[in-house]
Amino acid sequence: MDLRKSRVLVAGSGKSGIGAANLLKKYGADITIYDGNEKLKPEDVLHKLDDGTGVKVVLGSLTPEIVETTDLMILSPGIAIDAPFVNQVREAGIPIWGEIELAYAASKGKLIAITGTNGKTTTTALVGEIMAAYYDKVNVVGNIGNPYTAAAGQSDEDTVTVAEVSSFQLEAVHTFHPNVSAVLNITPDHLNRHYTMECYTDCKMRVTQNQNPDEPVILNYEDSILRSYAPKLKNRIVWFSSKQKVNPGVYLDGEKICYQDEHGEIFVTTVHDTTLVGIHNTENIMAAIAISINMGVPVEVIREVIKKFQAVPHRIEYVRTLDDVIYYNDSKGTNTDASIKAIEAMERPTVLIAGGYDKKVSFDTWADAFGGKIKYLVLLGETAQQIAKTVRAKGFDHIVFAESLEETVRVSRELAKPGDAVLLSPACASWDMFDSYEQRGNLFKEYVNQL
């Protein structure tokens with residue numbers, strides 16, 4: 001589609017929608033921004049744009065007249081693909097693109113796309129640093145906080161783009177085509193939006209749908225869903241595994257991390273030559289190695305970057321030690337599997353702060369991971385009662401309820417003894433009480449540092 005002079009309806013006025021509108025403006029498209037929140041003010045939306053001249057803003061309901069004068073809709077990832085107004089547009093025969101579909105159409109160069117339930121941000125950040133150490137022009141974009149649309153227009157044939165992509169973003173892709181893709185793992189998440197694990201899995205695997213047979217997809221061999229899905233893929237599969245040798249792929253051999261393909265085995269690094277902790281981070285490193293080798297980066301460059309790489313904020317992030325109690329911020333643990341990884345990484349008896357937005361998932365497996373390591377559970381948010389019911393059924397009753405995040409910090413300090421840890425790892429999204437997991441994590445750090 002020629003975006004010039006096209007009448008484009010941008011759904012959503014958040015970061016993704018504004019990024020899309022800014023990009024469309026450069027193409028000379030006729031832009032209307034739509035947001036269902038009628039309490040917003042049009043001028044506030046326009047002030048977010050680099051140039052709001054000529055851009056229309058529609059708030060509240062979407063009228064048939066607007067739909068009839070639309071050639072294309074760009075859908076922000078926070079809006080469900082089956083929302084009523086989206087169905088209205090679809091039934092009118094209007095193409096619907098996701099934000100990353102628009103960005104891909106406008107970008108040049110090579111593309112790496114990384115998805116999965118957990119580990120995306122750490123892996124994307126690490127791959128971004130490895131690429132930047134070898135290639136001259138690198139953009140790190142997507143769910144990591146920098147909209148793909150903001151960087152797409154600045155790319156050229158020499159650019160390498162590293163994109164963290166979510167299932168929400170992948171719902172509305174059509175031609176999106178990575179040179180290398182990666183699916184790190186698939187565990188229950190966002191079932192309030194995707195409804196079934198089959199639908200959620202299919203959304204994740206759409207990252208591979210336009211790749212050629214000789215283009216690699218990096219998969220976790222220890223993920224049973226990915227092993228089962230692999231025969232359906234036409235791509236060249238490169239595995240990573242923390243438990244056994246894989247070929248082609250990256251694997252853990254004692255303390256060594258090695259890569260193997262038809263040319264033989266290559267030693268890359270060891271589990272000690274990194275600041276990242278936990279087996280889940282070892283898996284993230286292995287995925288990054290597989291991606292980077294398949295992007296032509298020399299092993300020596302990969303090794304040096306891994307050695308220097310620091311953990312991303314909000315992912316088992318050390319905050320401070322007070323009275324021999326260590327405080328960790330894992331606000332990015334927005335689902336049960338991510339939170340399990342954080343619990344497993346704790347080496348001290350732990351006071352765990354959890355609870356938040358209800359994504360309609362079970363907490364049984366998460367509760368099983370306590371394993372005598374969790375001393376107290378401090379709960380807040382929509383899921384507090386559901387979590388309490390689950391853990392009590394499993395014989396755990398050291399539970400305290402709190403009304404605010406600040407209160408959870410005060411309570412946790414009272415419960416923790418010297419030699420313990422306090423871990424914020426909610427196992428839930430933040431949207432019931434906060435704008436984002438970043439806001440939740442930053443507030444947690446602020447409250448801890450005020451103690």
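Colleague: Which residue in β5 is the bridge partner of Leu75?

Modeller: This is a predicted model. In β5, Leu75 is partnered by Gly98. That pair belongs to the contact between β4 and strand β5 (residues 96-98), where three bridges join the parallel strands.

Colleague: Which residue of β4 does Ala11 stand opposite?

Modeller: Ala11 stands opposite Leu75. Strand β1 (residues 7-11) pairs with β4 in the parallel sense, over four bridges.

Colleague: What unit do β4, helix α4 and β5 make?

Modeller: They make a right-handed β-α-β unit, with helix α4 spanning residues 84-91.

Colleague: How do I read the two faces of a strand?

Modeller: Side chains in a regular strand alternate between the two faces of the sheet. Now take strand β4 (residues 72-75). Leu72 and Ile74 lie on one side, Met73 and Leu75 on the other. All four are buried, and both faces are covered.

Colleague: Why is strand β6 described as largely enclosed by the rest of the structure?

Modeller: Count the buried residues. Buried means under 20% relative accessible area. Five of the six residues of β6 (residues 110-115) are buried, so the strand is largely enclosed.

Colleague: Which strands are joined to β6 by bridges?

Modeller: Among them are β8 and β9. Strand β8 (residues 159-164) pairs with β6 in the parallel sense over five bridges. There, Ile112 has Val162 as its bridge partner. Strand β9 (residues 180-183) also runs parallel to β6, joined by four bridges. In β9, Ala182 is the bridge partner of Ile114.

How values were computed: Residues are numbered from 1 along each chain as its sequence is written. This is a predicted model: local features need pLDDT of at least 70, side-chain atom pairs count only at pLDDT 80 or more; totals for chains, interfaces and linings use all residues. Side-chain values use heavy atoms; hydrogens and water are left out. Buried means under 20% relative accessible area, exposed over 50%, partly exposed in between (1.4 Å probe, protein chains only). Helices (H or I, at least four residues) and strands (E, at least two) are DSSP runs, numbered from the N terminus. Two strands pair if DSSP finds at least two bridges between them. A crossover is right-handed if, with the strands pointing away from the viewer, the path from the first strand over the helix to the second runs clockwise.
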